[in-house]
Amino acid sequence: MLSSQNFINQVRIPENNDWVIFILVGCIFLYVFMMNIIERDASLKDFLLQKYFDASNNLPSWIITSCVTTLTLSVLISQYIPVVPKYIADLQLLGYQLNKFGYTLLAVLFFYLIKSALGFLFYQSIGDGKKWTIFYFTSTKFYFILSFLLIILCVTHYYFPIDRNKIFLYYFSFFSFVFIFKVFFYLFHKNKILPEKWYYKFLYICTLQIAPLLLLWKLLFF
């Protein structure tokens with residue numbers, strides 16, 4: 001009789017990434033809904049080049065774009081999270097607990113909500129509240145393009161044979177470039193979305209761009 005200790009199971013269980021497809025398809029559906037219903041059948045070019053005073057339904061478009069960016073960013077970076085903190089893992093709802101994706105999504109959502117709330121309060125506190133609507137109208141275009149890049153990266157990451165450990169450095173470089181580009185995009189955009197006084201611009205970049213990003217990094221990787 002063959003010993004059971006000599007038996008080696010050669011069956012390989014493939015990684016199931018169907019959840020990624022479901023999320024990405026949902027994100028694309030949100031954009032189709034936004035372009036056809038909210039933006040009234042606007043073309044991609046018209047949407048990206050439209051002027052603030054000619055646009056309508058800016059708030060719903062901003063919310064949908066923020067949701068898609070949050071979802072795609074969480075999908076991409078969740079696999080690099082070292083571990084879900086114990087105080088989060090111990091929380092259960094109906095017998096379920098957060099996995100790495102759930103924790104990442106919660107952290108990124110918290111990051112965007114706090115940053116948006118502080119941004120609104122910042123513009124109100126300096127007496128330039130009207131510029132806040134121009135700000136999120138302009139930032140919607142930036143994040144719309146970024147979210148499509150994130151969708152492409154998600155597909156590449158989960159469905160192509162890449163070395164995920166080595167490519168992390170490329171991701172880090174990519175997001176560093178995006179952050180720097182975003183700062184210059186905000187500083188020199190023709191809509192002049194940042195306050196006119198230089199010290200307010202400096203305050204905004206330090207407190208509402210750099211500080212929240214460091215907080216998000218701490219939540220996810222420490």
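1. The largest pocket has a volume of about 660 Å³. A pocket here is an open set of points on a 1 Å grid over the protein atoms alone, with protein on both sides within 12 Å along at least five of seven lines. Grid points are joined across faces, edges and corners, and a volume is the space filled by probe spheres set on the points.

2. Basis of the values. This is a predicted model, in which local features need pLDDT of at least 70 and side-chain atom pairs count only at pLDDT 80 or more, while totals for chains, interfaces and linings use all residues. Residues are numbered from 1 along each chain as its sequence is written, and side-chain values use heavy atoms, with hydrogens and water left out.

3. Lining of the largest pocket. It has 28 residues, and Leu73, Phe175, Leu213, Leu216 and Trp217 lie nearest the centre. Lining residues have an atom within 4 Å of a point. Helices are DSSP runs (H or I, at least four residues), numbered from the N terminus; strands are E runs of at least two.

4. Ala, Val, Leu, Ile, Met, Phe, Trp, Tyr, Cys and Pro count as nonpolar, Asp, Glu, Lys and Arg as charged, and the others, Gly among them, as polar.

5. The second largest pocket has a volume of about 430 Å³. Its lining holds 23 residues, with Trp62, Ser66, Tyr112, Leu113 and Ser116 nearest the centre. Helix 3, helix 5, helix 6 and helix 8 each give two or more residues. Helix 3 has the largest share, eight residues. By class, the lining has 13 nonpolar, nine polar and one charged.

6. Cavities. A cavity is a set of points where a 1.4 Å probe fits but cannot get out. There is one of 30 Å³ or more. The largest cavity has a volume of about 40 Å³. Glu39, Phe47, Gln50, Asn58, Ser61, Phe137, Thr140 and Lys141 line it. Helix 6 gives the most, three residues. The classes are two nonpolar, four polar and two charged.

7. An unreviewed UniProt entry lists "transmembrane region" at residues 20–38, 59–81, 101–122, 142–162, 168–188 and 200–220. Such annotations may be inferred rather than shown by experiment; positions follow the numbering used here, and feature names are shortened. Residues 142–162 are 86% helix and 0% strand, with end C-alpha atoms 28 Å apart. Residues 168–188 are 100% helix and 0% strand, with end C-alpha atoms 30 Å apart.
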